[in-house]
Amino acid sequence: MVGRPVKAVGACSAVTAVDVERALGRRFARGNEEVRGADSTCDYASGTGQVSITLQRLRAPVNLAVEIASLKKEVEDSSVRLAPEFGGFFLDIAGAGTQLHVIREDREYVMISILGFGDAAQVSAAAERLAKIALGRL
């Protein structure tokens, strides 16, 4: 099977500061991007909150059950909700926000983390909007 070519898009290009501002309705500083090979993370800050966009090209398919169990153990006061539209899940962090973990075609991993702007119920829709934008640009 021949897959589509993977574009070299960094996290700050996949989701821009303007995208984050529109999704959350507030101003953000310019993104700070860290690149490691084909993987990248972009952090946007506003006040005491932060939005992080992570893009990774996975070497092997992810075992969701193992990944979820690991994250729940690592992040105290967290719970998981499946996100079937994205083939992934939300990791809701009590009192902090949420992370949307998306796996596309078993190899493209996108994580949208929105922390410090309200609880998961308040920021989940913004995480979904940002994930759709990122996936559309990859």
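Strands β1 and β2 form a hairpin with two residues between them, and Gly 37 in the turn has a positive phi of about 65 degrees. This is a predicted model, in which local features need pLDDT of at least 70 and side-chain atom pairs count only at pLDDT 80 or more, while totals for chains, interfaces and linings use all residues. Residues are numbered from 1 along each chain as its sequence is written, and side-chain values use heavy atoms, with hydrogens and water left out. Helices (H or I, at least four residues) and strands (E, at least two) are DSSP runs, numbered from the N terminus.

- Strand β1 (residues 32-36) runs antiparallel to strand β2 (residues 39-46), and five bridges join them; two strands count as paired if DSSP finds at least two bridges between them.
- Val 35 stands opposite Ser 40 in β2.
- Of the five residues of β1, the number buried is zero, so this strand lies largely in the open; buried means under 20% relative accessible area, exposed over 50%, and partly exposed in between (1.4 Å probe, protein chains only).

**Helix α2**

- Helix α2 (residues 17-24) is largely enclosed by the rest of the structure, because six of its eight residues are buried.
- The buried residues of α2 are Ala 17, Asp 19, Val 20, Glu 21, Ala 23 and Leu 24, and what covers them includes α1 (11-14), β2, β3 (49-57), β7 (108-115) and α4 (120-137).
- Just after α2, Gly 25 takes a positive phi of about 70 degrees.

**Phe 90 in β5**

- Phe 90 has its place in strand β5 (residues 88-93) and counts as buried, at 2% relative accessibility.
- Although Phe 90 and Leu 100 are ten residues apart in sequence, they are 4.4 Å apart in space, C-alpha to C-alpha.
- Leaving aside residues up to four places away in sequence, Phe 90 touches, among others, Ser 79, Val 80, Arg 81, Thr 98 and Leu 100, where contact means heavy atoms within 4.5 Å.

**Thr 98 in β6**

- Thr 98 is found in strand β6 (residues 97-104) and is buried, with a relative accessible area of 0%.
- The side chain of Thr 98 reaches the backbone oxygen of Leu 91 at 3.3 Å.
- With residues up to four places away in sequence not counted, the residues that Thr 98 touches include Arg 81, Phe 90, Leu 91, Ile 112, Leu 115 and Val 123.

Methods: Polar contact = N/O pair within 3.5 Å; in protein donor to acceptor, adjacent residues only side chain to side chain.
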